[in-house]
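Please walk me through this model, stop by stop. Tell me what to select in the viewer and what I will find there.

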Amino acid sequence: MLEKNVNLCGKTVLITGAAGFIGANLALVLLQEVENVKIVGIDNMNDYYDVSLKEFRLKQIEELTKKVSGTFSFVKGSIADRKCIDDIFAAERPDVVVNLAAQAGVRYSIENPDSYVESNLIGFYNILEACRHSYDNGQKGVAHLVYASSSSVYGSNKKIPYATEDKVDNPVSLYAATKKSNELLAHAYSKLYGIPSTGLRFFTVYGPAGRPDMAYFGFTDKLVKNETIKIFNYGNCKRDFTYIDDIVTGVQAVMQCAPLPNEEGVKYKIYNIGNNKPENLLDFVEILQDELKAAKVLPEDYDFEAHKEFVGMQPGDVEITYADVSELERDFGFKPSTSLHEGIRRFAQWYHEFYF
Ligand SMILES: NC(=O)c1ccc[n+]([C@@H]2O[C@H](COP(=O)([O-])OP(=O)(O)OC[C@H]3O[C@@H](n4cnc5c(N)ncnc54)[C@H](O)[C@@H]3O)[C@@H](O)[C@H]2O)c1
């Protein structure tokens with residue numbers, strides 16, 4: 001296990017993408033667990049998916065701040081706006097930065113490439129520049145930059161489980177290319193300016209108030225609307241799913257351990273963060289069906305079979321993907337503990353509360 005070298009108590013943490021799924025849940029956990037933490041959140045509240053979900057998450061954070069010692073202040077703005085970022089850094093002097101703001105989604109990048117370049121490249125560059133200048137004039141500056149990468153950097157690699165030492169030079173989407181670029185840019189800035197940085201390659205994260213563009217959420221929406229769901233490769237796929245609370249526990253642990261210089265003297269690290277227990281797509285759909293019925297999202301007599309359409313593999317898709325998370329386990333004792341049944345149950349209960 002690594003020794004903690006960043007104490008978050010009483011510190012200022014900047015979370016970008018704070019109204020997003022992972023960002024908001026990270027803010028909630030930090031406020032609950034870290035004494036006097038000062039969180040500054042920024043999010044541009046874009047409408048890539050239903051904005052009311054982002055507002056709901058911010059409301060949850062606002063409610064929690066009434067009961068805890070820490071604080072949360074929110075800036076509605078874009079990380080692609082250099083002045084906005086520089087002003088936040090000048091006013092707040094964050095000790096730790098967690099960059100989660102990004103344009104996500106693989107398919108969306110075909111119609112909307114600009115938003116990926118703006119948020120994922122220009123936005124991340126602005127964060128790096130602000131971190132760099134945080135040390136100017138002998139200031140103590142940013143102690144650790146943690147940023148989101150993605151499992152999509154593995155492209156259509158055949159070797160599983162995906163491990164951080166695998167070659168990831170063949171992205172198959174603009175989204176993946178921007179995430180790989182983030183890792184490269186972070187390396188250059190860590191090397192040149194000594195910014196300790198850790199990139200996290202997230203695998204599919206799910207849970208209450210999650211992202212509607214993800215399969216479990218999209219399937220639920222479709223079933224509720226009496227539409228059919230497409231089951232690719234006739235259900236013969238295995239995927240990694242990690243419950244949001246397990247992910248946030250991992251991110252919080254990582255934040256407290258800024259990387260020490262590696263063999264090249266660079267304070268730089270990349271981890272996979274996921275679950276190395278891939279689940280069969282058909283089992284997953286079965287669990288979803290049971291839990292949606294139990295939570296009364298679907299009626300008890302819902303004819304599930306009539307709503308399933310078995311189709312072939314999508315071009316470029318791979319049969320089985322999952323993460324090798326042994327490094328995260330070795331360095332932080334990371335072990336996701338929420339079963340798929342339990343996680344989907346909490347999602348289904350939330351879905352009922354939110355939409356019915
Ligand atoms: N959830 C997953 O399964 C998963 C998997 C792989 C990678 N990731 C990465 O993790 C990070 C967080 O993902 P998430 O699931 O919480 O996504 P999310 O879309 O819910 O959150 C991202 C947030 O960033 C905001 N945002 C986008 N562009 C911005 C900009 N220019 N300035 C300010 N805010 C901006 C969005 O409004 C959104 O609220 C992202 O970088 C994503 O690419 C997530």
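**First stop: two asparagines**

Select N137, in the loop between α5 (113–133) and β5. Helices (H or I, at least four residues) and strands (E, at least two) are DSSP runs, numbered from the N terminus. This is a predicted model, in which local features need pLDDT of at least 70 and side-chain atom pairs count only at pLDDT 80 or more, while totals for chains, interfaces and linings use all residues. Residues are numbered from 1 along each chain as its sequence is written, and side-chain values use heavy atoms, with hydrogens and water left out.

Check the backbone of N137: phi is near 55 degrees, a positive value in a residue other than glycine. N137 counts as exposed, at 78% relative accessibility. Buried means under 20% relative accessible area, exposed over 50%, and partly exposed in between (1.4 Å probe, protein chains only).

Now select N226. It lies in the loop between α7 (215–224) and β8 (229–231). N226 is not a glycine, yet its phi is positive, about 70 degrees. At 55% relative accessibility, N226 is exposed.

**The strands**

Show strand β4, residues 96–99. V96 and V98 point one way, V97 and N99 the other way, and all are buried. Two strands pair if DSSP finds at least two bridges between them. Look for L14, which stands opposite V97 in β4.

Which residue in β5 is the bridge partner of V98? Select V146 to see that partner.

**A cis bond and a buried loop residue**

Follow the chain to P161, in the loop between β5 and α6 (174–193). The peptide bond from I160 to P161 is cis, with omega near -10 degrees.

Then pick F203, in the loop between β6 (197–202) and β7 (205–206). Is F203 buried or exposed? F203 is buried, with a relative accessible area of 4%.

**Rings**

The whole structure holds 32 aromatic pairs. Select Y302 and F304: the ring centres are 6.5 Å apart and the planes at 55 degrees, so this pair is tilted. Rings of Phe, Tyr and Trp (its six-membered ring) pair if their centres lie within 6.5 Å; planes under 30 degrees apart count as stacked, over 60 as edge-to-face and the rest as tilted. Y302 is buried at 10% relative accessible area, and F304 is buried at 2%.

Move to Y49. K54 lies over the face of this ring, at 4.6 Å from the ring centre. Then find Y271, where the charged end of K269 sits over the ring, 5.2 Å from its centre. A charge sits over a ring if NZ of Lys or CZ of Arg is within 6 Å of the ring centre and within 35 degrees of the ring normal.

**Last stop: F356**

Select F356, in the segment after α11 (340–355). F356 counts as exposed, at 52% relative accessibility.
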